[in-house]
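Subject: Handing over a structure

Dear colleague,

I am passing on to you the structure shown just below, and after it you will find an account of what came out of going through it. Please read the two side by side.

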Amino acid sequence: MNDSNEQLIRDVVERVLGQVKSGWGGRVPPQAGSSAAPPLTTQAALAPRGGNRFGQFTDVSEAVAAAGAAQKQLMKRSLAQRKIACDLIRRICIDQADRLGQMEFDETKIGRLEHKSDKLVVAGRATLGIEFLRSEVFSGDHGLTVQEFAPFGVIGAVTPVTHSLPTTANNSIAMISAGNAVVFNPHPGGKNIAAYGVKLFNQAIYEKIGIDNLIAVMVEPTLESAKELFGHPGVNLLAITGGPGVVSAALHSGKRAICAGPGNPPVVVDASADIENAARCIIEGAAYDNNLLCLAEKEIFVEAAVYEKFTAAMRSLTAFELSAQQMNALADKCLEVPAKGHAHARREWVGKGAVELGAAIGVNVPRGTELLFGPTSAEHPWVRVEQMMSAIPVVKAQDFEQAVVMAKQAEHGFKHTSILHSRLVDHMTHMGKEMDTALFIKNGPSVAGNGGGGEGYGSYSIACSTGEGICTPLTYTRTRRCTMVDNLRII
Ligand code: NAD
């Protein structure tokens, strides 16, 4: 392990030790003064310094050209310099998590402040880097072939409002590790924090290794700028993180697209489960950042035999039970269910907390409540819609098999994430095969499947729509082969 790695790990350990453990990777409480974050404006982000752009662009072609020039420079540098660039992004995410998290929260106004900071620490810590790159070698009678994982060049990336800077940071580290440069078209609702973070990253990288614009960002992103990016001849690959609209647009662009699309993760609780643990894990996963994560538990199917025990366990923790009528009233308020077309959550309620949601229907929910839950049918809008707010439906299933059938229907074939609480291996096998999801988590919170408390690494882009799964540096590479015939073998 080299010095910068050791230092990074030491800082993270110190930080984590000082925190109350909760949520994904340990909660990061905001420090005094973090609310004094500078106001974000496009002008502030754009202010030039010494002719450098630090990744700030209003014109797609200029952004692509600058990122292309930066990528060419990167390819002349060592892997060690790539690592330095990525470590600088990590350091900024970890060291400035409170301040940047506050900024993201102030701008997007969704989710939970403490989790905005936490997500940046996770991006800095859990994103894989150059160590994940590898070469493959074939050696035999006919010589030697080396297969390497090479960069695409310039990647056009789209990020969601639900985690604007964490996705930007995570994608940047993985893409640069693989030798690419990237142009982001962020969600307009999180554009200022994305542009500000990109500016910090570029400044640090430029000061250390003298390359500017490895990460470019459209400071005034629109659907038009996304479309231009998708069709730009200088963009070699698309990397999309967002809902069904943008995934469909990217897949129709004519370019190769890695699409981290929508999810609607069901959780099944069978009669064999550790019910206390199931309730605790579901609250932890579903209430994290007010349910904004694409992999978070979105609907619960419980075997009838343990239904009462399960709801009692939820009530005994930080969840508050609504009646069926109250769930209907909340659905009328927060969910849009057109007679024809796609049912979805109303924007103004996305990322809202349990207390605020309760107040919306005149229910006085105790402070400290993290999640609302209540009974619905399996066909209810609460089950069909990816709600992304701190309320979750609970459906009573007559047995495990019926619960899995309901769960499969609720997941809409996104093949994103599903969760099971059970002690029975047969049930785990059956549900895992039936659901066929990119992530299948047993007996833990959903985030455990993405490096948050389970084994393995994590990413803010889980490419369920196009099959790559949790994105790593290798996701952003293409395979190149170098063959020497009948020679260069040492055995
Ligand atoms: P969104 O789909 O509204 O926006 C995502 C991005 O796509 C934004 O930058 C938006 O400006 C852009 N966009 C939307 N329609 C477009 C179009 N037709 N052409 C070009 N660009 C377009 O989603 P959101 O509210 O920002 O994020 C939440 C959604 O993203 C949820 O569905 C969630 O499941 C999904 N998501 C998935 C992952 C994953 O890893 N699979 C991660 C985070 C979020």
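A residue is called buried when its relative accessible area is under 20%, exposed when it is over 50%, and partly exposed in between, as judged with a 1.4 Å probe and the protein chains only. This is a predicted model, in which local features need pLDDT of at least 70 and side-chain atom pairs count only at pLDDT 80 or more, while totals for chains, interfaces and linings use all residues. Residues are numbered from 1 along each chain as its sequence is written, and side-chain values use heavy atoms, with hydrogens and water left out.

To begin with the chain as a whole, 59% of its 491 residues count as buried. The protein chain holds 17 helices and 20 strands, which are DSSP runs numbered from the N terminus (H or I, at least four residues, for helices; E, at least two, for strands).

Two aromatic pairs are present in the structure; rings of Phe, Tyr and Trp (its six-membered ring) pair if their centres lie within 6.5 Å, and planes under 30 degrees apart count as stacked, over 60 as edge-to-face and the rest as tilted. Phe54 and Tyr206 form an edge-to-face pair, because their ring centres are 6.1 Å apart and their planes stand at 70°. Since Phe54 sits in the loop between helix H2 (42-46) and strand S1 (56-57) and Tyr206 in helix H8 (residues 191-209), this pair ties together parts that are 152 residues apart in sequence. Phe54 is buried, at 2% relative accessibility, whereas Tyr206, at 33%, is partly exposed. The rings of Phe132 and Tyr457, with centres 5.4 Å apart and planes at 65°, are edge-to-face too.

A side-chain N or O atom of Glu386 is 2.4 Å from an oxygen atom of the ligand, and a backbone N or O atom of His187 lies 3.1 Å from a ligand oxygen atom.

Finally, Asp87 belongs to helix H4 (residues 79-95) and is buried, its relative accessible area being 10%. The side chains of Asp87 and Lys83 make a polar contact at 2.6 Å (a pair of N or O atoms within 3.5 Å; within protein, one must be able to donate a hydrogen and the other to accept it, and residues adjacent in sequence count only if both atoms are side-chain atoms).
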